[in-house]
Structures are given as structure tokens and as C-alpha cells.
Amino acid sequence: MLTEAVPNESLQNEFNPLLSAEARFDEAAGRLGLDDGIQKVLRAPHMELTVHIPVQLDDGRLEVFTGYRVQHSIARGPSKGGIRFAPDVTLDEVRALASWMTWKCAVVNIPFGGGKGGVICDPMLLSPAELERITRRYIAQIFDFIGPQRDVPAPDMNTSAQTMAWIMDTYSMHARHTETGVVTGKPLDLGGSRGRPEATGRGCMIVTEQALRRFQLEPPETRVVIQGFGNVGGMAAKLMSRAGFKIVCIIEYDGAVYNPHGLDIIALQRHREHTGSIIGFAEAEEVDRDEALFLDCDVLLPAAKENVITSQNADRIRARILCEGANGPTTYAADSILADKKIFVIPDILANAGGVTVSYFEWVQDRQGFFWNEQLVNGRLEEIMVNSFRDVVSYAEKHNVNNRIAAYMLALDRVAFAIKLRGIYA
Ligand code: NAD
């Protein structure tokens with residue numbers, strides 16, 4: 001697979017998410033005619049923090065891990081964004097992800113800025129107790145920078161509701177009172193929101209349904225290929241299959257399964273629970289995981305990782321609609337290729353915004369101490385996703401730009417407007 005080979009320098013640049021984020025920012029800011037000063041403010045993160053985290057490992061050795069927290073913007077509210085644990089976390093990646101959170105929150109018009117955090121570590125090589133100690137010490141070190149009014153973390157790659165519970169507890173111990181609103185994506189019993197685990201996948205389904213209308217397609221005749229069967233991809237598959245979509249292929253890191261009549265997603269999930277893999281599922285054919293991205297389908301939903309659709313393979317995509325469940329699955333260089341092929345792109349900062357939207361609901365509920373039923377959560381999520389889809393697509397049509405640049409323009413405009421209203425405190 002291309003992304004696993006050692007890329008040359010121009011591909012390395014293409015795969016740098018910060019450069020992709022900046023290129024789209026430049027294009028959107030240029031089209032908006034934003035003045036240079038505001039562009040400088042929007043481009044630079046509000047604050048960046050690097051911490052070195054000493055942790056005692058289970059065998060008694062002392063190790064030091066490096067962690068980051070970047071607050072890209074606080075113009076429209078506290079910064080908001082997940083924390084990921086991965087061996088290849090870089091400051092550039094965290095910066096890019098933090099800026100995407102600013103634009104994402106602005107696209108769905110919720111009162112947050114953007115932030116992101118990451119710790120360089122390999123969760124596969126660490127025990128749950130070691131991960132708990134890393135989490136708690138990392139939070140103790142960034143304690144002064146986070147808080148319900150400042151910066152509100154959430155889960156991201158390799159962090160879970162359990163990690164969020166440790167974050168809530170550590171923060172609360174330092175604050176000397178229980179503070180549930182400091183973090184979202186918590187377990188239901190600790191101030192989590194109903195509907196949060198499903199929210200990102202549900203949001204993907206809602207915007208896909210909106211896009212289908214443009215193609216006069218109904219779910220039962222819509223063939224969907226999903227990459228990633230985790231939180232986002234797994235939930236999207238489950239909800240979409242329940243809504244009648246034909247999920248014809250699921251691609252995972254160790255292989256892909258295909259059934260042209262539609263996979264039985266519940267049975268596939270059960271199979272993976274029993275065997276640890278989607279491979280070997282009786283009611284499907286196994287296909288090459290790299291080639292599966294290029295299957296003839298109506299909707300391609302990448303929900304695994306960054307840099308999947310690139311200048312090297314975008315011309316082979318055969319979907320009519322690309323719904324970006326993952327953050328940054330398409331590189332900047334691939335955008336124009338998809339546009340030439342007239343693929344309808346639902347960009348990540350819109351498509352996967354269901355997660356942060358229900359995180360916002362969780363934060364509101366925690367601060368009110370009053371919790372909503374699932375129907376209310378899902379209804380409010382649907383209203384926001386449908387309105388945001390309409391805003392982005394009509395902006396694209398009005399300004400004759402692609403959906404991604406329209407989403408960036410809409411977001412930049414909203415954040416710039418907030419900065420102008422607040423004024424620059426000097
Ligand atoms: P996850 O870890 O739950 O799921 C990712 C899945 O992708 C895993 O099953 C993994 O095995 C699979 N995968 C990894 N590499 C792969 C590869 N090369 N090919 C095929 N499959 C591969 O993570 P998640 O929370 O579902 O997040 C996925 C993406 O969605 C990330 O980009 C994340 O930043 C983004 N996202 C997540 C949320 C959320 O609420 N969880 C919200 C917005 C965006």
C-alpha cells in the first residue's frame with residue numbers, strides 16, 4: 001500500500017496534515033479576501049504546550065513520554081478537541097487537528113474554538129495501568145490550561161470513555177471538587193451524554209442522506225464502502241445498514257470483506273468480537289484491502305485514518321459521494337482530482353462533526369446537571385447536521401467553489417467575525 005512505502009519528499013509534504021490544512025486555509029482565506037492581519041491571527045495557534053511525562057512502568061523502570069496540547073482558537077468559546085495516544089504523534093499533526101476543530105465547530109455553529117492533544121506512546125505495548133498513569137500525569141501537567149471554560153478534551157485515536165473518566169477524576173482531584181464538564185466522551189454514569197458513542201457515525205449517515213437526494217438515490221439502492229470498522233466506521237455501518245443502506249464492503253487494517261447484496265453488519269460485528277478480525281466472515285468474499293477503496297459504489301466512507309486518498313490514487317476512486325468520517329483522509333493534492341471526477345465530497349469538517357456536536361450537548365448537560373433523553377439528543381443532532389449541510393452546499397453553489405473550500409470559507413468567516421467583534425485586546 002502506498003502509505004506504507006517510504007514516501008519521497010513531495011509525497012512527505014503531501015502527507016503532512018499541517019501543510020494540507022494550511023493550503024486549504026490559504027485558498028479559502030484568499031477567496032474570502034480576508035485581510036492579512038486577520039489571516040495571521042487565524043493561522044497561528046492561540047497556545048501550544050509541550051510536556052514531558054515521567055511514568056513508572058509496571059516492571060519498575062522509569063520512562064518519559066512527550067505530550068502536546070494545542071489550543072488553536074478561543075475566539076468563539078473554549079477550545080475543544082480530542083486527545084490521541086499514538087507512536088507517531090507529532091506537534092505538526094496536533095496543530096493541524098486543532099485548527100480543523102476550530103473550523104469544524106464553526107461549520108456546525110457551536111460555541112467552541114478548536115484544540116487537540118496527543119501523547120507519543122504505543123498503546124499496544126502498554127498495560128491499562130501504565131496508560132492510566134500516563135493519562136493522569138499528562139492531565140496533572142496541563143491542568144492549568146484545561147477546564148470547562150478554557151479547553152475541553154475528548155477521545156480520539158486510542159483513547160476511550162475510560163480514559164475520559166481518568167481525566168475527569170484527575171482534574172477533579174486537583175480542583176478539589178467533581179468537575180464533569182472538563183471533558184466529554186465520558187461514560188454515561190459519570191456525566192456522559194446519551195447518543196455520544198453513536199454521534200459521529202450518525203452524523204455521517206445524516207449528511208449522506210442529504211447528499212443522496214441530489215442523486216435521486218434511496219438507501220436500499222445505495223452501495224456503501226466503509227474503511228475502518230471502529231467507533232466511527234462501525235457505528236456508521238450499523239446505523240446505515242439499519243436504515244436500509246447496502247453496506248457492500250468493510251475495509252480493515254488486516255483485510256476487507258465484500259458482499260454485493262449488502263453485509264449483515266450485526267453478524268460481522270459478532271464475528272469480529274469472537275475472532276478479533278473481520279476476516280473469515282462466512283457471508284462475504286475476501287477482497288484485497290488496498291483495491292477495495294476503488295470498488296464501484298455510490299458512497300465511500302473513509303473512517304480510519306489520515307492520507308488515504310492522495311494524488312497517487314484519487315483518479316481510481318469510483319464512488320459518487322465521498323463522506324469523510326475520518327479527519328484528513330484526503331490530501332490537498334487529491335482535492336482537484338476528485339473535483340475533476342465530479343465526486344460529491346462531504347468534507348471531514350462537516351461529515352464527522354456529529355461527534356463534537358454531541359460533545360457540546362454533553363458539556364451543556366454537565367453544566368446544567370440535567371440530562372436529556374436519547375430522542376432529544378438525536379433530534380437536536382439531526383437539526384444541526386441538516387442545517388450545516390445545507391449551509392455548506394448552498395455556500396459552495398453561491399461562490400462556485402467545491403464543498404470543502406465552502407466549508408472552510410464559512411468557518412473562517414464566522415471565526416473572523418467573532419474576532420472582529422471581540423477586538424484585539426492589547
Ligand atoms: P477507532 O480506533 O475506533 O477506529 C479506527 C478503525 O480503523 C480501527 O478499527 C482500525 O483497526 C481501523 N484501521 C486502522 N488503520 C487502518 C487501515 N490502514 N485500513 C483500514 N482500517 C484501518 O477510531 P475512530 O474513533 O473511529 O476514529 C477514526 C477516524 O475518525 C480518525 O481519523 C478520527 O480522528 C476521526 N474522528 C473520530 C471521531 C469520534 O467521535 N471517534 C470524531 C471525529 C473524527
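## Around the ligand

By class, the shell around the ligand is made of seven nonpolar, eight polar and five charged residues. Here Ala, Val, Leu, Ile, Met, Phe, Trp, Tyr, Cys and Pro count as nonpolar, Asp, Glu, Lys and Arg as charged, and the others, Gly among them, as polar. This is a predicted model, where local features need pLDDT of at least 70 and side-chain atom pairs count only at pLDDT 80 or more, while totals for chains, interfaces and linings use all residues. Residues are numbered from 1 along each chain as its sequence is written, and side-chain values use heavy atoms, with hydrogens and water left out.

Which residues come nearest to the ligand? Of the 20 residues around it, the answer is T200, N231, V232, E252 and N327. (A residue is near a molecule or strand if one of its heavy atoms lies within 4 Å of it.) Three elements each supply at least two residues of this shell: α7 (196-214), α8 (231-242) and β7 (246-252). Those labels come from DSSP runs, numbered from the N terminus: helices are H or I with at least four residues, and strands are E with at least two.

## Oxygen atoms of the ligand

Let's look at some of those residues one by one. E252 has a polar side-chain atom 2.5 Å from an oxygen atom of the ligand. For T200, a polar side-chain atom lies 2.7 Å from a ligand oxygen atom. V232 uses its backbone instead: one of its backbone N or O atoms lies 2.9 Å from an oxygen atom of the ligand.

On its own, the ligand has 830 Å² of accessible area, and the protein covers 82% of that. Accessible areas come from the Shrake-Rupley method with a 1.4 Å probe; for residues, only the protein chains shown count as cover.

## A cavity

How many cavities of 30 Å³ or more does a search of the whole structure find? It finds one. A cavity is a set of points, on a 1 Å grid over the protein atoms alone, where a 1.4 Å probe fits but cannot get out. Grid points are joined across faces, edges and corners, and a volume is the space filled by probe spheres set on the points. The largest cavity holds about 30 Å³ of space.

Its lining is formed by M47, E48, L49, R69, V70, Q71 and F145, where a lining residue has an atom within 4 Å of a point. Two strands, β1 (47-56) and β2 (62-73), are the elements that give two or more residues to this lining. Sorted by class, the lining has four nonpolar, one polar and two charged residues.

## Buried residues

Is T330 buried or exposed? T330 counts as buried because its relative accessibility is 1%; buried means under 20% relative accessible area, exposed over 50%, and partly exposed in between (1.4 Å probe, protein chains only). You'll find T330 in the loop between β11 (321-323) and α10 (332-340). Its side chain is joined to that of E324 by a polar contact of 2.5 Å. Within protein, a polar contact is a pair of N or O atoms within 3.5 Å, where one must be able to donate a hydrogen and the other to accept it, and residues adjacent in sequence count only if both atoms are side-chain atoms.

T102 sits in helix α4 (residues 91-107). At 2% relative accessibility, T102 is buried too, and a polar contact of 2.7 Å links its side chain to that of H72. Over in strand β2 there is F65, which is buried with a relative accessible area of 9%. F65 and P54 are 11 residues apart in sequence and 6.4 Å apart in space, C-alpha to C-alpha.

## Exposed loop residues

Now for some loops. R176 lies in the loop between α6 (161-175) and α7, and R176 counts as exposed because its relative accessibility is 73%. Its phi is near 70°, a positive value in a residue other than glycine. Most residues other than glycine have a negative phi. Q216, in the loop between α7 and β6 (223-227), also has a positive phi, near 50°. With a relative accessible area of 71%, Q216 is exposed.

H261 belongs to the loop between β8 (255-258) and α9 (265-275). H261 is exposed, with a relative accessible area of 68%. The C-alpha atoms of H261 and C249 are separated by 10.0 Å, and the two residues are 12 residues apart along the chain.

Key: On a 1 Å grid over the protein atoms alone, a cavity is a set of points where a 1.4 Å probe fits but cannot get out, and a pocket is an open set with protein on both sides within 12 Å along at least five of seven lines; lining residues have an atom within 4 Å of a point.
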